[in-house]
Amino acid sequence: MARVYNFSPGPSALPLPVLEKVKAALPEYADTGMSVMEMSHRSAMYLDIIHDAEARLRALMHIPDTYAVLFLHGGATAQFASIPMNLMVNGVADYIDSGNFAHGAAGEAVKYGKVSIVASSRADNYTYIPDWKGKLTPGADYLHITTNNTIYGTHFIELPEGDAPLVADMSSNILGEVYDIEKFGVVYAGAQKNIGPAGLCVLIVRKDLLGHALPICPKVFNWATQADNESMLNTPNTFAIYVAGLCMEWLQNQGGVEGIAKVNQEKAALIYDFLDNSKVFKGTAQKEFRSVMNVTFVTGDKEKDAAFVKFAAAQGLVNLKGHRSVGGMRASIYNAMPIEGVKRLVDVMKAFEAQQ
Ligand code: PMP
């Protein structure tokens, strides 16, 4: 077996023990006579699986009973439309534009009401989190943020505090950093980074925010309807939820979010420390806002960037090419990337530098 160190931004590496467990449960899960893929979502054996995944997520994020946990379709992108349809009671929402996904979320919301971009770093290619202080709209239905900007390698250091419920796209740092869930009205995340396989979106919503959907909201996007049906209004992504539950079990064995968050800090610091002393590479995000999950860097020369990506791939470090809007490189170092992988990356960067 030749597993590589996969620095993909998503879908990204899953913990090997999880993949091995999945393999062992094919073609038969426990003593059920079938695989999880073949089970009715309404069967007692599958209900155990989804309830277990929810319980583990609640334990990992310390989610109280005042919040509902939903397993939805359509990734985070479907929620860009569902958010305004579920929350725009007065037709006014604030958005902080800290990256392309934040921008896309706001772009969906304008179809349903008045959207105010209270702060934006778009003009500076999103190299920092823009300052929102004193700019929030009184009476807004909600304030939307993207806690970690996957493409640009930035994250919020301080959460905005206002009167409106805070709605957070946490796709690329959920379960990788410690958050107090009670600071949020809604947290949602596409699964394919720290949760499990793609095609699943986890949404955590404070229960008092349920039941106010716009009349035009399709029922499959209506969170209250989904909550009433325990995410089974229609057939959920049963297999992805099962694998997500295994990833959560794995994470609990790593000391939970609190435990892995420390390792994640260490991992990120290894690369940033190297970057800050390198003569060849430099980080692209402003230091203060540097992400713990996605480290973006360049050499300043496109050909050299490409040469490095090739050099690293030849040594089993793959998917390091940056997003086209930033260029250069991006090392996505989510929970499943072991610190050994990050040390290898720094060694390979050093070796490349020595050749220049
Ligand atoms: N938000 C963020 C922060 C993301 O990183 C991504 C995907 N990489 C998305 C939204 C879109 O997620 P999905 O593809 O699951 O719709």
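Hi everyone. Let me start with a term we need: a polar contact is a pair of N or O atoms within 3.5 Å, and inside the protein one of the two must be able to donate a hydrogen and the other to accept it. Please also keep in mind that what you see above is a predicted model.

With that term in hand, let's look at N294. A polar contact of 3.0 Å links its side chain to that of S332. The side chain of N294 also makes a polar contact with the side chain of N148, this one at 2.7 Å. Where does N294 sit in the fold? You will find N294 in strand β12, which covers residues 294-298.

Is N294 buried or exposed? The relative accessibility of N294 is 0%, and buried means under 20%, so N294 counts as buried. If we leave aside residues up to four places away in sequence, N294 touches N148, T150, G153, S172, Y272, R330, A331, S332 and Y334.

Next, let's move to strand β10, residues 201-206. Five of the six residues in β10 are buried, which leaves the strand mostly covered. Which strands pair with β10? One is β2, residues 67-72, which runs antiparallel to β10 over six bridges. As an example to click on, A68 has V205 in β10 as its bridge partner. Another is β9, residues 186-190, also antiparallel to β10, over five bridges. There, G190 stands opposite C201 of β10.

Now for the ligand. Which residues come nearest to the ligand? There are 13 residues around it, and T77, T150, D169, Q192 and K193 come nearest.

D169 has a polar side-chain atom 2.6 Å from a nitrogen atom of the ligand. In the side chain of Q192, an N or O atom is 3.0 Å from an oxygen atom of the ligand. For K193, an N or O atom of the side chain is 2.8 Å from a nitrogen atom of the ligand. How much of the ligand is covered? On its own the ligand exposes 390 Å², and the protein buries 84% of that.

Finally, who makes up the shell? Helix α3, residues 75-87, gives the largest share, with four residues. Sorted by class, the shell has eight polar, three nonpolar and two charged residues.

Technical notes. Residues are numbered from 1 along each chain as its sequence is written. This is a predicted model: local features need pLDDT of at least 70, side-chain atom pairs count only at pLDDT 80 or more; totals for chains, interfaces and linings use all residues. Side-chain values use heavy atoms; hydrogens and water are left out. Helices (H or I, at least four residues) and strands (E, at least two) are DSSP runs, numbered from the N terminus. Buried means under 20% relative accessible area, exposed over 50%, partly exposed in between (1.4 Å probe, protein chains only). Contact means heavy atoms within 4.5 Å. Two strands pair if DSSP finds at least two bridges between them. A residue is near a molecule or strand if one of its heavy atoms lies within 4 Å of it. Accessible areas come from the Shrake-Rupley method with a 1.4 Å probe; for residues, only the protein chains shown count as cover. Ala, Val, Leu, Ile, Met, Phe, Trp, Tyr, Cys and Pro count as nonpolar, Asp, Glu, Lys and Arg as charged, and the others, Gly among them, as polar.
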